[in-house]
Amino acid sequence: MRTNLSTLTAVRNLGILAHVDAGKTTLTERILYATGTTHKRGEVHDGTTVTDFDPQERDRGITIFAAAVSCTWDGHRINLIDTPGHVDFADEVERALRVLDGAVAVFDAVAGVEPQSESVWRQADRYGVPRIAFVNKMDRAGADLDAAVASVRERLHATPLVVQLPIGAEDRFTGVVDLVRMRALVWAADGSEAHEGPVPDALRDEALRRRRLLEETVAERHPAALEEFCERETLCAPTLASALRDLTRTGDGVVVLCGSAYRNRGIEPLLDAVLAYLPSPLDVPPVRGTHDGTEQERAADPAAPFAALAFKVSTTATGRLTYLRVYSGTIEKGDTVWDTGARRTERIGRLLRVQADRQTPLDRALPGDIVAVAGLKSARAGSTLCDPAAPLALEPPGVAEPVVSLAVEARSGTDTGRLASALARLAEEDPSLVVRTEPESGRTLLSGMGELHLEVAVEKVRRDQGIEVNVGRPGVALRETVVRGVSGVLYRHVKQDGGAGQFAHVVLEVEPLGDDGDDGDEGTEFAFRSTVVGGRVPQEYVRAVEAGCRDALSEGPLGGHPVTGLRVTLTDGATHPKDSSDMAFRTAGRLGLRAALRSCTMALLEPVAEVTVTVPEDAVGSVIGDLSARRGRVSAQVVRAGTAVITVVVPLAELFGYATRLRSRTQGRGTFTTRPAGYAPAPEPARAQAPSR
């Protein structure tokens, strides 16, 4: 090792990003094997990979949870996070990107840029994460490096800087030409060893042409390279490498390499590129945070006050682990830190170097380290941990709003408490999962990013906690409203059973609360007034009648749903000098309004949502057709730069399953957000089903 591992310049924090099945996990396995971290190549199809250690990941053959591993290469420590590629788990990618200094974006040599490739690329753009690209699966039939690079240029609007030329194609792919150092690297049949040699004669002209194209592209974007190119009409290898590093770190260019992770070809040059082009913790700007409303910076200095961001929480057989990215200062076992969000101190129980599902103890952690901490009680994903003497709040990773919900309940009543605890732990580990109780039905709803996301969460409860769970599609909370009212409804409440009796006489009028109902209560849309004259009903009893009417709104005559959108007027009444009371008039108001509602013409209302759908322009017709079939009403449509933004009001009941449908109609490129938009008349089928509540 030529460089001391304790120095910050010898640290790289990077993530592996890609569309599902592009080969991220296989690439991670080959990196661990090439660096000597593992001594056997794990395979996704065999369920033997290091990072896909969860039973569900091995059963499904996909990455579900972001997994951290560490390895060393040429005297550098590489902290690597293998991220999920499925869109339902994009929030895992978001949290990982928040703490990374660089990333390797993996593309399929046949498919090029795929839908989720675009999504994770945009996520990396938001956090300004420098990237290099690895075009994988060059040994597949139909593999085409040039086509994949063209898709990067066209769909991601990036400037690809191709630094390799493949030797052979498809099943005859055996190596690459390094265009920076103008050498050939050819791997043995089993991919175990790369042999360096001169560029093959058959590829020399093509290699020189591509080297010239690379130099011109770099010179156009880098002042120092342009100066040398103008003087010498070429770039020397050190100048080219330096310019590639600068362009990568500023985001003005993306270095592109190629290989076959499955065949173990191209891994070593990729690792060299990670060290050469991606930044160390010292190369990125100081982290920024706030304290008492003022912005502060913390440099990556071991002597500075401690500051770290928690980005993941997991529960293991040995306890709760909190994953941290250390930005400044030094932390040791037993130290006391300040949790800015929870506003409490925490003690560091153990410091651990993470290797997927295995951990090794550490004495201390320095800036740039990604470690796990045992013993923290309050920290959540997004929490800032800092020196108690120098408080700081770092920006947490964004959390997407859930778009799909399921009703869950324990199959056995004795497991209800255990299920509630298990769901609370799930939401703690994954902030994109939301658990709530529906106030009207009392059901427990689990909300997440997609049906697969929820399916995985429910299966995790079943496997880890041994709880049998019933899962149902959630219904919607209907309302009832008055279409045509009644007047002159008389209700007399008389009760005499010894002692003081109860007497209240009310006359009510009920009518729909129109759009001009400014005197209605916000949210409940109920208005009450009194037109009684001559003091026939004292004011204190008028208030009791109003309270009774509000009590009656909890259940309507159609199906027991809450009643909304009505105005009640007390037009007349009578009292008894001894038996009238607040309770008597409240009872009369409640029972009188229920009797009046049975005489009204009523209708069911269903909740509707305003949905904003963002899709490629070529998918607009299909998406609008599907929304119309879901009884959606388009209110706006805007097209910008090939992307259409459609605003539509859709019944909430029609949105169940829509996330999956939208992805299938847009090849995974469509997204949508929702917000409540009130209630609208329900169709006849909903009215017919209402009494079954």
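Colleague: Which residues have the most contacts inside the largest nonpolar core?

Modeller: In soluble globular proteins, nonpolar side chains tend to be buried together. A nonpolar core is a set of buried Ala, Val, Leu, Ile, Met, Phe, Trp, Tyr and Cys residues joined through side-chain atoms within 4.5 Å, where buried means under 20% relative accessible area with a 1.4 Å probe, protein chains only. Here the largest has 49 residues, and L27, I78, V104, I132, V218 and L244 have the most contacts inside it. Helix α9 (residues 267-277) gives the largest share, seven residues. Apart from this core lies another of 30 residues, including A504 and V537.

This is a predicted model, in which local features need pLDDT of at least 70 and side-chain atom pairs pLDDT 80 or more, whereas totals for chains, interfaces and linings use all residues. Residues are numbered from 1 along each chain as its sequence is written, and side-chain values use heavy atoms, without hydrogens and water.

Colleague: At what angle do helix α6 and helix α7 pack?

Modeller: Axes are lines fitted to C-alpha atoms over the stretch in contact, with angles from 0 to 180 degrees between N-to-C directions. Helices are DSSP runs (H or I, at least four residues) numbered from the N terminus. For α6 (residues 201-221) and α7 (residues 223-232) the angle is about 125°, with the axes 6 Å apart. That makes α6 oblique to α7, oblique being what remains after under 35 degrees (roughly parallel), over 145 (roughly antiparallel) and 65 to 115 (roughly perpendicular).

Colleague: How do the axes of α12 and α13 cross?

Modeller: The axes of α12 (residues 539-552) and α13 (residues 582-599) come within 7 Å and cross at roughly 40°; they are therefore oblique to each other.

Technical notes:
Buried means under 20% relative accessible area, exposed over 50%, partly exposed in between (1.4 Å probe, protein chains only). Helices (H or I, at least four residues) and strands (E, at least two) are DSSP runs, numbered from the N terminus.
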